[in-house]
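I am opening a notebook page on a structure that is new to me.

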Amino acid sequence: MSRTGHHAGVAAILLTSVLWGTTGTAATFAPGAGPLAIGAAALGAGGLLQAAIALPALRRSRRALRSQAGLVAVGAVAVAVYPLAFYSSMHLGGVAIGTVVSLASAPLASGVLERFLERRPLSRWWMVAAFLGVLGSALLCLSRAGGSEASAADTAAGIGLGLVAGATYALYSWVVHRLMGRGVGRAASMGSVFGAGGALLLPVLALTGAPLLTSAQSFAVAAYMALVPMFLGYFLFGIGLTRVRPSTATTLTLTEPAVAAVLAVVVVGERLTGAGWTGLAVIAAALVVLALAPTNVVANRPGTSVRPPSGQAPSAHAPPAEAPSAPAPAVGHPAAARTAAVQAAVTPHPGTD
């Protein structure tokens, strides 16, 4: 993967984070709808739209997806749990705390997944960026918690649900990336995981979604959440995952709480203290570290995945540690640059996109 491709992936995920950062503010315009309804409408409809635009790719990749049915099921459950936990966290603990805890915990969960499931050590660059991102998010969270009217019990529950959201977010990101690394194209990977997750959310939407239909404004909020942050956002997120590691992607999305905080100040009228502005600056520093880092994995060690030649960034589709190396085209984008030392040992499926 070239530096240009890496930067394009970073840009796609940063734009995704900006779109996601609008969700908390948007939800305030539908006060009659509960967090389960908002979450089910946003990612339920958005996930089904992902599947709809991916139908041709899903048909072409049906054999590969059948062989990875268990992995798809894990990702679908994570997709279904994530919005319910995320919006419930914001409802109980406040927009700032719910957003910050969910997104600040995701890079740590993602790093754990890569370290223990793929035996892929993480570089000092990633550790520095993750530390700065979590520190900045914590400062942002503390600056906003002082003005929160939530009870201690609600705040604690919000934090707990935020941790669940962060873990499930990291899990489905890892699943999608893993599917692409096993020869399933980007569109098919995203469409299968998010389509199945969206289908799991439909019963929740049927049971809780009536308030979204009580006014044009509430319906508009639900439509915006489904079409812009979820559908368009996850479309861009899938593109980003073809170019950067999941651990880098989840760390980049620490931009979301910063965007959410600024919108809360500008649109909702909340106040941000000096600690909060400091937190925003620290998050910006974390993004600079990620953008300038030469690689996101450490040097090759016995029993770990192969590192590309010096000066080259690792492919977003590097195989898991246990997979042998063999020549194969990079999946997701046929025209993308190939790094022979890290190509996945898979046979490309016809029509992989």
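Entry 1, a starting residue. I looked up phenylalanine 29 and found it partly exposed, because its relative accessibility is 41% and the class covers what lies between buried (under 20% relative accessible area) and exposed (over 50%), with a 1.4 Å probe and protein chains only. Before going on I noted that the model is predicted, so that local features need pLDDT of at least 70 and side-chain atom pairs count only at pLDDT 80 or more, while totals for chains, interfaces and linings use all residues. I also noted that residues are numbered from 1 along each chain as its sequence is written, and that side-chain values use heavy atoms, with hydrogens and water left out.

Phenylalanine 29 sits in the loop between α2 (23–27) and α3 (35–53), where helices (H or I, at least four residues) and strands (E, at least two) are DSSP runs numbered from the N terminus. Setting aside neighbours within four places in sequence, I listed Gln217, Val221 and Val267 as the contacts of phenylalanine 29, a contact being heavy atoms within 4.5 Å. Between phenylalanine 29 and glutamine 217 there are 188 residues in sequence, yet their C-alpha atoms are 7.3 Å apart.

I then turned to threonine 28, which is in that loop between α2 and α3 too, and which counts as partly exposed because its relative accessibility is 39%. Its C-alpha atom is 9.1 Å from that of valine 221, although the two are 193 residues apart along the chain.

Which residues make the nonpolar surface patch? I wrote down Phe29, Val262, Val266, Val267, Val268 and Trp277, with an area of about 530 Å². Such patches are made of residues with over 30% relative accessible area and no salt bridge, like charges being joined within 9 Å and nonpolar side chains (Val, Leu, Ile, Met, Phe, Trp, Tyr) within 5 Å; a salt bridge is a side-chain nitrogen of Lys or Arg within 4 Å of a carboxyl oxygen of Asp or Glu. Accessible areas come from the Shrake-Rupley method with a 1.4 Å probe, and for residues only the protein chains shown count as cover.

Helix α13 (residues 255–268) gives the largest share of the nonpolar patch, 4 residues. Tryptophan 277 belongs to helix α14 (residues 274–292), and I recorded it as partly exposed because its relative accessible area is 44%.

The 14 residues of α13 reach 19 Å from first C-alpha to last, close to the 20 Å expected at 1.5 Å a residue, the expected span being 1.5 Å times one less than the number of residues. Buried in α13 are Thr255, Glu256, Pro257, Ala258, Val259, Ala260, Ala261 and Ala264. After α13 comes glycine 269, with a positive phi near 90 degrees.

Is threonine 255 buried or exposed? I found threonine 255 buried, because its relative accessibility is 12%. Not counting residues up to four places away in sequence, threonine 255 touches Leu14, Ser17, Ile283 and Leu287, and its C-alpha atom is 7.8 Å from that of alanine 284, 29 residues apart along the chain.

Helix α11 (residues 216–241) has 26 residues and an end-to-end C-alpha reach of 35 Å, close to the expected 38 Å. At methionine 225 α11 has a kink of about 30 degrees, shortly before proline 229; the bend is the angle between axes fitted to the seven residues ending at a residue and the seven starting there.

In helix α7 (residues 95–117) the end C-alpha atoms are 32 Å apart, which agrees with the 33 Å that its 23 residues should span. I noted a bend of about 25 degrees at alanine 106 in α7, with proline 107 following within four residues. Of the 23 residues in α7, 17 are buried.

I counted 14 helices and 0 strands. Buried residues are 56% of the 353 in the chain, and among contacts with a separation of 6 or more, 85% join residues 24 or more positions apart. The accessible surface comes to about 13900 Å², with 71% belonging to carbon and sulfur atoms.
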